[in-house]
Amino acid sequence: MIAELGSFSLMIALAVAMILGTVPIIGAARGNAGWMALARPGARALFVLVAVAAACLVVSFVRNDFSVVYVATNSTRALPLRFKIAAFWGGHEGSMLLWLLILSFWMLAVSVFSRHLPAAMVARILGVMGLIAVGFLLFILLTSSPFDRLIPAAEEGRDLNPLLQDPGMVAHPPMLYMGYVGFSVAFAFAIAALLGGNLDATWARWSRPWTTVAWSFLTVGICLGSAWAYYTLGWGGWWFWDPVENASFMPWLAGTALMHSLAVTEKRGGFKVWTVLLAIFAFSLSLLGTFLVRSGVLTSVHAFANDPRRGVFILLFLSIVIGGSLALYAWRAPKVGLGERFELVSRETMLLTNNVLFLSAAGAVLLGTLYPLFLDALGLAKISVGPPYFDVVFVALMTPGLFLMGIGPLARWKQANLPEIGIRLKWAFGVSLITALVLPLVLGRWSGLAAFGLWLALWIFAATMVNLWSRLRPLPVSGLGARLRALPLGYLGMLTAHIGVAVFITGVTLVKSYESEKDVQMDVGDTVSMGPYTFKFNGVTSGARENYLYSRGAFDVSKNGHVVTTMTPEKHQFVVSQGEPSTVAAIDRGFMRDLYVALGDQSGNNPTGWVVRVYYKPFVDWIWGGCLVMAMGGVLALSDRRYRFARSAVKDVAEPTMSATATA
Amino acid sequence: MRYLRFLIPLAAFAVLTGFLMKGLWMDPHTVPSPLIDKPAPAFRLTQVADAGKSIGRDDMLGKVWLLNVWASWCVSCREEHPVLVEFAKTGVVPIYGLDYKDTRDEALKWLDRLGNPYQASLFDPDGRVGIDYGVYGVPETYVIDKTGTIRYKQIGPITPEILHDRIVPLLRKLNA
Amino acid sequence: MRKRLLAWLLVLLVAPFAAGAREAPPVGEDPVIERRMMALSEELRCLVCQNQTLADSHADLAADLRQEIRELMQKGQSDEQVKRYLVARYGDFVLYRPPLKSTTWLLWFGPGVLLVGGLTALYLVLLKRRRLLAAEPLDADQERRALALLSEDEGQPS
């Protein structure tokens with residue numbers, strides 16, 4: 001019954017979405033206020049209907065309704081409650097429903113926070129999002145319904161994939177989806193602007209907070225995924241350039257470019273057409289990612305089980321949405337005006353250079369991810385493209401951008417004075433360079449890689465501090481706290497995000513240069529030392545928990561003779577789903593280093609002997625710390641007063657018009 | 001004319017879609033063999049049925065033959081085995097087996113139960129010869145010609161369609 | 001009574017040796033080769049896995065290939081020779097760093113071309129834009145807005 005209710009709710013949602021996707025848009029074209037007014041209630045109704053469907057699925061899981069195929073393949077009676085709920089998005093069908101749920105949530109958000117927007121714009125935005133919802137609803141109802149019945153019902157389920165039975169699973173997918181589904185809002189704004197012909201600085205100002213919040217969610221989502229892989233895969237890695245990881249990273253790169261481009265458009269009304277194209281790119285990459293992950297076109301540990309039929313549907317959907325929006329762009333964009341002047345050397349130019357760099361990086365990731373497919377499709381060769389390629393190419397492309405990050409914020413709008421910037425930054429440059437050259441020696445071993453990475457990070461940090469200092473100094477208030485509070489949040493957000501990048505680079509550089517690993521065979525009582533730490537193996541105990549058996553190793557960790565902590569890595573063997581036991585590494589986290597111990601397999605002949613992997617990972621938590629600081633920067637930026645659009649602001653905003661001047 | 005450049009993103013997307021469409025029907029997992037049209041790697045292995053007798057690659061020169069990689073623990077091999085048994089009865093081509101990472105006992109029992117299409121099965125317990133031949137998943141089958149050159153590799157179970165469409169025509173050509 | 005004492009004595013004598021806390025031996029006989037092998041395996045692909053390196057895979061074939069590499073290295077083969085050995089048997093697919101061939105020129109040079117091309121395009125567009133904007137004088141409305149924006153700039157020291 002519940003499952004049928006869920007299905008039914010989705011069917012009604014489809015009808016609502018179809019109306020939402022057509023009537024308001026036509027209404028906006030015709031100036032029909034009544035039709036346009038359908039947009040907001042339509043979006044809210046859609047959200048309620050999809051939420052009901054989602055609730056039905058959750059209830060099915062919680063009640064162990066194994067007559068539903070999806071529940072039977074992703075759960076068991078003994079599965080802990082939190083994972084029963086997370087199993088919602090554990091498989092393909094459920095994850096599609098999650099996509100839809102989050103899309104409708106964003107539509108609800110737009111319907112609530114859009115009082116300041118002209119009716120026609122709201123109608124178009126929600127209309128476009130409604131059309132996307134139609135695509136997903138059709139896809140779910142026709143090919144991937146999580147509500148299909150299993151007759152006769154199974155007695156017991158097949159359990160959720162052991163790798164997914166983890167807190168990371170509870171948080172990572174929803175955050176990630178909030179991010180890249182969130183780019184649909186920026187996309188809808190762009191399409192609405194192209195349709196209505198009102199592409200100008202005000203459009204950019206409205207778009208910005210939506211883009212920034214989606215970007216922040218995506219940053220957190222990717223960060224969580226990486227942190228989760230780190231402790232769950234058992235070998236201390238945190239990024240593999242796997243196609244599915246790339247699928248979420250490309251929208252992030254395009255989204256970052258979009259945020260910076262929106263800054264130029266908001267300020268100067270320039271490059272509107274380019275910004276619109278970026279908004280289309282960012283969301284297109286999200287959709288492309290959704291396709292790649294579940295079509296079977298690429299191989300990945302993360303990929304969902306695939307079915308060419310589903311792949312065709314998504315590809316068709318992709319073609320309509322992306323092809324349609326690019327066609328609309330080709331039609332409307334030439335008519336848009338130029339905007340205002342700025343010099344060749346100016347902050348605007350630097351932001352646009354950022355765009356070129358980030359897009360080249362996104363392009364490189366796309367190229368690397370799809371290249372094996374290209375060559376195979378042309379019958380030329382079968383190759384693999386992995387971390388050795390991406391690491392080299394990505395770092396090479398990003399380096400100029402990272403260097404520019406120090407200079408850009410100091411450049412004036414409209415016309416920057418390079419020599420002046422040079423003078424202001426010369427100390428930052430010198431100090432960061434010298435510190436970077438010396439630090440590796442302090443850390444124990446000279447490394448060119450470490451020096452280079454440290455220099456970039458320190459450079460960004462130092463330049464940011466110079467910028468902050470120059471803004472703080474002339475303020476008429478006293479006291480650091482008061483001065484900081486006097487600065488616009490948008491500005492502080494930018495600084496925070498850039499510092500986050502510096503922290504991230506520091507973490508990556510130091511971990512890659514100074515991490516060490518030991519693979520040893522240990523028997524009870526054996527010790528292994530790593531730097532100042534000594535690990536003593538105290539044997540393995542076994543037991544059972546809700547739906548798995550565990551082997552739990554115990555290690556005493558001492559430093560300079562005193563025991564500082566005990567670490568207990570485990571291996572979980574899931575009863576129902578069998579297969580490889582999953583490793584849960586023991587991690588002793590610290591600000592400056594992680595100690596990481598993972599149990600390998602038992603050493604063949606010796607019944608109490610185990611293979612143990614011990615890692616020393618300096619500054620690895622700075623990687624995720626840096627990402628979180630970046631996301632925080634995003635949140636600060638969108639809290640800026642500029643974006644608190646009051647109803648009264650509508651009076652000041654004249655209905656924006658199309659500029660009828662030459663092409664850009 | 002200048003409006004054409006606004007069509008570039010759309011055009012690039014169309015090309016991409018073409019590739020993705022083609023990709024839906026391809027398998028990213030299969031690893032094609034670099035040994036096609038190259039000499040079959042040398043080996044000398046004992047037979048599964050008789051540890052005293054051995055066969056080497058050069059013993060096979062002068063005839064076209066099939067090398068089928070199988071194992072008693074391999075589930076898909078059970079699918080293809082009846083096809084091979086039937087095919088062996090036609091006598092079109094001698095089939096030799098490469099028993100990959102198996103035990104003699106299990107292998108003989110398996111052949112007893114499911115039939116033995118092989119002239120002989122070579123015993124490769126540690127998989128070394130398998131590695132030399134680029135075996136990565138059983139079952140795999142190689143068509144080797146009179147000069148000892150590998151002409152075709154089938155990855156995965158042999159079906160009657162594959163026999164009919166690919167292998168038999170090739171054998172006819174090589175035997176001519 | 002005596003036997004008991006003797007037994008305890010024996011235990012006390014043997015105990016320290018039995019509970020010997022030794023430094024754990026590394027996996028594999030030769031740690032230098034082991035390290036080399038693992039480093040190389042990080043760049044090689046496990047052929048039967050869903051996108052994992054040879055180093056991280058638990059699969060049988062992966063273990064076999066790691067052993068093969070160990071033995072090749074013990075025989076004195078260099079990393080390049082080992083790679084060639086594997087590529088001869090499994091093709092370029094086994095390398096995670098795609099070799100530079102005519103078929104991979106686009107892959108290796110593409111990003112650089114994209115970057116240089118993008119920067120050039122940006123530069124040309126900016127030049128053209130400057131020329132176009134210089135050709136149009138501002139009308140009254142635009143001039144008002146321009147002045148307003150300029151004063152906004154003043155309030156913001158960069």
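Me: What makes the contacts of chain A in this predicted model ones that join residues at least 24 apart?

Reply: The pairs counted are residues at least 6 apart in sequence, and 76% of these contacts in chain A join residues at least 24 apart. Each pair qualifies as a contact because the two C-beta atoms lie within 7 Å.

Me: Why is the radius of gyration of chain A said to agree with a compact globule?

Reply: A compact globule of 664 residues would have a value near 26 Å, and chain A has 27 Å, so the two agree. The C-alpha trace of chain A spans about 80 × 75 × 60 Å along its principal axes.

Me: What share of chain A is called buried, and what makes a residue buried?

Reply: A residue is buried if 20 or more other C-beta atoms lie within 10 Å of its own. By that criterion, buried residues account for 57% of the 664 residues in chain A. The chain has 20 helices and 10 strands.

Me: Which residue classes make up the side of chain B that touches chain A?

Reply: The contact draws 20 residues from chain B and 24 residues from chain A. On the chain B side, 15 are nonpolar, 3 polar and 2 charged.

Me: How do you know which helix supplies the largest share of the side of chain C that touches chain A?

Reply: In this contact, 41 residues of chain C meet 55 residues of chain A. Both α5 (105-135) and α6 (140-154) of chain C supply at least two residues of that side. The largest share, 12 residues, comes from α5(C). By class, the chain C side has 21 nonpolar, 11 polar and 9 charged residues.

Methods:
Residues are numbered from 1 along each chain as its sequence is written. Chains are lettered from A and ligands numbered from 1 in the order in which they are written. This is a predicted model: local features need pLDDT of at least 70, side-chain atom pairs count only at pLDDT 80 or more; totals for chains, interfaces and linings use all residues. Helices (H or I, at least four residues) and strands (E, at least two) are DSSP runs, numbered from the N terminus. The radius of gyration is taken over C-alpha atoms; the globule rule is 2.2 Å times the number of residues to the power 0.38. A residue is buried if 20 or more other C-beta atoms lie within 10 Å of its own, exposed if 12 or fewer, and partly exposed in between; C-beta atoms are placed from the backbone. Ala, Val, Leu, Ile, Met, Phe, Trp, Tyr, Cys and Pro count as nonpolar, Asp, Glu, Lys and Arg as charged, and the others, Gly among them, as polar.
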